[in-house]
Amino acid sequence: MLLSHYQNELLEAGCDEAGRGCLAGPVFAAAVILPAGFSHPLLNDSKQLSSADRDLLRGVIEKEALHYAVASVDHAEIDKINILKASFRAMHLALEQLSRQPEFIIVDGNRFYAYGKTPFACIVKGDGKYASIAAASILAKTYRDEYMQQLHQEYPHFGWNENKGYPTRQHREALREFGDSPYHRKSFRLLPDEQLELDL
């Protein structure tokens, strides 16, 4: 069972991102403020859930959350400022869009750029510990997956409907055959060195 809150005195938002390790497309982030004591038997780190369960939970989160927002930073800005800064930028954008600003923020991972003067805590594997971070991970993941499904219509040979831009064998084989797309992150190593490739 996930913990509902990190602390109980201040209005708390959980934040997480999706798509940091992808070769193409934007990074998405979500911020979620849940009611006190919120729980759901399926709620967990989005990576541990089936797509069907993520979609079901997205509906629950959007209905039950006190406030939520989702934002993204595109591939061009990722290339300009780097993926770590882009992830934090997406989280800040999501926080800015909340209809009520949080008084405390909990973030999945071990690093975060301060959001104004709002106190925060970084929690390693927080999406498997706190409900609001898990909820944020699910929203970020499902919104990003939807977006990559749309891009798949434009560039079907990369298989983004299945790999969502992650560096699968199919994705890299398509890169070798067709080259990159306008949505690929040019600052990433799109193809491994040939020597590394032998170990795949």
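This report covers confidence, annotated positions, helices, cysteines and loops in a predicted model.

## Basis and confidence

Residues are numbered from 1 along each chain as its sequence is written, and side-chain values use heavy atoms, with hydrogens and water left out. Because the model is predicted, local features need pLDDT of at least 70 and side-chain atom pairs count only at pLDDT 80 or more, while totals for chains, interfaces and linings use all residues.

The protein has an average pLDDT of 94. That score is the predictor's confidence in each residue, from 0 to 100. At least 70 is reached by 96% of the residues. Residues 194-200 have pLDDT below 50. Beyond near neighbours in sequence, this stretch has 6 contacts in the model; a contact means heavy atoms within 4.5 Å. Where pLDDT is low, the predicted coordinates should not be read in detail.

## Annotated positions

UniProt, in an unreviewed entry, places the feature "binding site" at D16, E17 and D108. They are spread over 93 residues of sequence, yet they cluster in space, with a largest C-alpha distance of 8.2 Å. UniProt positions are given in the numbering used here, feature names are shortened, and annotations may be inferred rather than shown by experiment.

D16 belongs to strand β1 (residues 12-18). Strands (E, at least two residues) and helices (H or I, at least four) are DSSP runs, numbered from the N terminus. D16 has 3% relative accessibility and so counts as buried. The classes are buried (under 20% relative accessible area), exposed (over 50%) and partly exposed (in between), with a 1.4 Å probe and protein chains only. D108 sits in strand β4 (residues 104-108). D108 is buried too, at 18% relative accessibility. Leaving aside neighbours within four places in sequence, the contacts of D16 include F28, M91, D108 and D127. On the same terms, D108 is in contact with residues including C15, D16, K125 and D127.

## Helix α1

Helix α1 (residues 51-64) has 14 residues, which should span 20 Å at 1.5 Å a residue; its end C-alpha atoms are 20 Å apart, in agreement. The expected span is 1.5 Å times one less than the number of residues.

R54, L57, R58 and I61 are buried in α1. They cover an arc of only 115 degrees around the axis, which puts them on the same side of α1. The arc is that of the directions from the helix axis to the C-beta atoms. A52 and K63 are exposed on the other side. The buried residues of α1 pack against β2 (27-33) and α4 (131-154).

α4 has 24 residues and should span 34 Å at 1.5 Å a residue; its end C-alpha atoms are 35 Å apart, which agrees. This helix is mostly covered, with 17 of its 24 residues buried.

In α6, the buried residues are H171, R172, A174 and L175. Seen down the axis, they fall within an arc of 155 degrees, so they line one face of the helix. R169 and E177 are exposed on the face turned away from the buried side. The buried residues of α6 pack against α5. G179 follows α6, with a positive phi near 80 degrees.

## Cysteines

The structure holds 0 disulfides. C15 is in none, and the nearest cysteine sulfur, that of C122, is 10 Å away. A disulfide here is a pair of cysteine sulfur atoms within 2.5 Å. The sulfur of C122 is therefore too far from that of C15 for a bond.

C15 counts as buried, at 0% relative accessibility. C122 is partly exposed, with a relative accessible area of 30%.

## Loops and positive phi

Most residues other than glycine have a negative phi. K125 has a positive phi near 55 degrees. K125 is in the loop between β5 (120-123) and α4. At 64% relative accessibility, K125 counts as exposed. K164 also has a positive phi near 55 degrees. K164 is in the loop between α5 and α6. At 11% relative accessibility, K164 counts as buried.

Y166 lies in the loop between α5 (160-163) and α6 (169-178). Y166 is partly exposed, with a relative accessible area of 32%. Y166 and L23 are 143 residues apart in sequence but 5.8 Å apart in space, C-alpha to C-alpha. Not counting residues up to four places away in sequence, Y166 touches G19, G21, C22 and H171.
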